[in-house]
Amino acid sequence: MTVDYTVRLRFGDNSRAAATHTNLSAVRLDGSVLWIAGDETATVERLLADNPERAAEFADETTFRLADFVDLPGVDADEEADVEGLARHGNFLWAVGSHSLRRKQIKERHAGSKALRRLARVEGQENRQILVRLPIADVDGVPTPVREAVFDGERHHAAALGRRDDIRSLLRDDEHLARFLPIPGKDNGLDIEGIAVRGDRVYLGLRGPVLRGWAFVLELRPYVDPATPHRLRLHEFEDGLLYRKHVLDLDGLGVRDLCPCGDDLLVLAGPTMDLDGPVRIYRWHGAYRSEQPSIVRGGLLSRELELTYGEGDDHAEGLSLLGEDRVLVVYDSPAPIRLTDDGAVIADVLRLPR
């Protein structure tokens with residue numbers, strides 16, 4: 001991997017105290033605005049570029065609580081939503097939670113039977129099971145999420161996928177994915193870690209499970225329920241299902257993020273388990289022209305870039321197109337060299353091959 005140049009991401013005191021800057025999981029560039037999320041909050045952050053033409057730094061952070069726009073499923077509105085993907089399309093910003101379960105970790109102070117009991121404990125968090133669409137309006141010259149807005153004479157509300165179409169419920173009888181629902185994400189269980197939106201199509205990338213080396217991308221067709229405009233529903237596909245499955249030959253890796261690039265999808269891929277590297281960017285050629293479940297291999301898929309990774313740190317988690325030939329990459333658990341003395345974190349800009 002050759003880094004073209006780097007940019008600084010500067011967060012406020014609250015985000016640094018919550019360690020959002022070291023738990024980055026999703027990113028999407030929107031002109032001079034950078035939308036970004038960490039995986040241990042229920043918020044989306046907005047950073048502004050110092051130079052819209054070629055930013056050296058994104059700063060002036062504003063935090064937006066998802067619970068201020070939609071009803072979250074958890075009892076505690078500030079319980080982490082584990083936002084793992086952001087998408088910006090048309091007049092809307094989309095966010096998706098991991099939908100994963102998690103296994104308790106053995107920490108340094110734990111030993112013996114107590115450590116084993118922790119390792120046996122699996123739990124879920126309801127706020128992780130979200131798919132949210134927020135209207136974006138111009139407020140004081142800056143793109144800003146709002147509860148409702150009028151576009152082309154039609155009123156649109158902030159909306160979320162309801163329990164009736166909850167993704168975990170949709171998959172409970174799936175021949176490939178159902179048996180992985182009770183398994184924690186870091187154990188190759190269900191773990192959504194990327195979203196891309198174009199037209200009425202929403203693609204969700206799965207970090208896990210990976211089956212015999214094949215990674216999954218789910219395709220949905222959400223729409224707003226006219227009777228309850230704050231709720232998203234799902235259109236049926238030709239087979240009567242509310243989702244479509246695509247499988248990708250990512251050399252045994254899972255999806256860490258998705259990013260539209262014309263009719264193609266850029267796929268950030270990495271290990272599905274709690275492992276270091278390899279990490280790569282693939283291109284799914286003609287993804288948006290697919291009209292049926294796809295087996296994505298051979299000429300449909302090309303390996304674009306190999307990314308570096310650390311031992312226990314520097315895990316590439318977020319990917320966004322920058323111009324026509326570059327991508328911005330942000331990292332979870334950034335290496336110490338990425339943390340500046342004045343409180344910023346360093347992201348990479350990479351040039352895509354021609």
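Tutor: Helices are DSSP runs of H or I with at least four residues, strands are runs of E with at least two, and both are numbered from the N terminus. On that basis, Pro209 belongs to the loop between β16 (201–208) and β17 (214–220). The model is predicted: local features need pLDDT of at least 70, side-chain atom pairs count only at pLDDT 80 or more, and totals for chains, interfaces and linings use all residues. Residues are numbered from 1 along each chain as its sequence is written, and side-chain values use heavy atoms, with hydrogens and water left out.

Student: What makes the peptide bond from Gly208 to Pro209 cis?

Tutor: Its omega is near 5°. Gly277 and Pro278 are also joined by a cis bond, with omega about -5°. Pro278 sits in the loop between β22 (264–270) and β23 (279–284). Most peptide bonds are trans.

Student: How many helices and strands does the chain have?

Tutor: Three helices and 28 strands.

Student: Why is Arg133 called buried?

Tutor: Buried means under 20% relative accessible area, exposed over 50%, and partly exposed in between, with a 1.4 Å probe and protein chains only. Arg133 has 11%, so it is buried. Of the chain's 354 residues, 57% count as buried. Arg133 lies in strand β10 (residues 131–139). Beyond neighbours within four places in sequence, its contacts (heavy atoms within 4.5 Å) include Phe92, Trp94, His157 and Leu232.

Student: Which class does Ala19 fall into, buried or partly exposed?

Tutor: Partly exposed, because its relative accessibility is 23%. Ala19 lies in the loop between α1 (13–17) and β2 (24–30). Its phi is positive, about 65°, although it is not a glycine. Asn188 has a positive phi too, near 80°. Asn188 is buried, because its relative accessible area is 14%. Most residues other than glycine have a negative phi.

Student: How do you know that β20 and β24 pair?

Tutor: Pairing takes at least two bridges found by DSSP. Two bridges join β20 (residues 244–249) to β24, and the strands run parallel. Val247 stands opposite Ile295 in β24.

Student: What makes β15 and β24 edge strands?

Tutor: The open sheet runs β15-β16-β17-β20-β24, with mixed pairing. β15 (191–198) and β24 (295–296) each have a single partner strand, so one side of each is left without a neighbour in the sheet.
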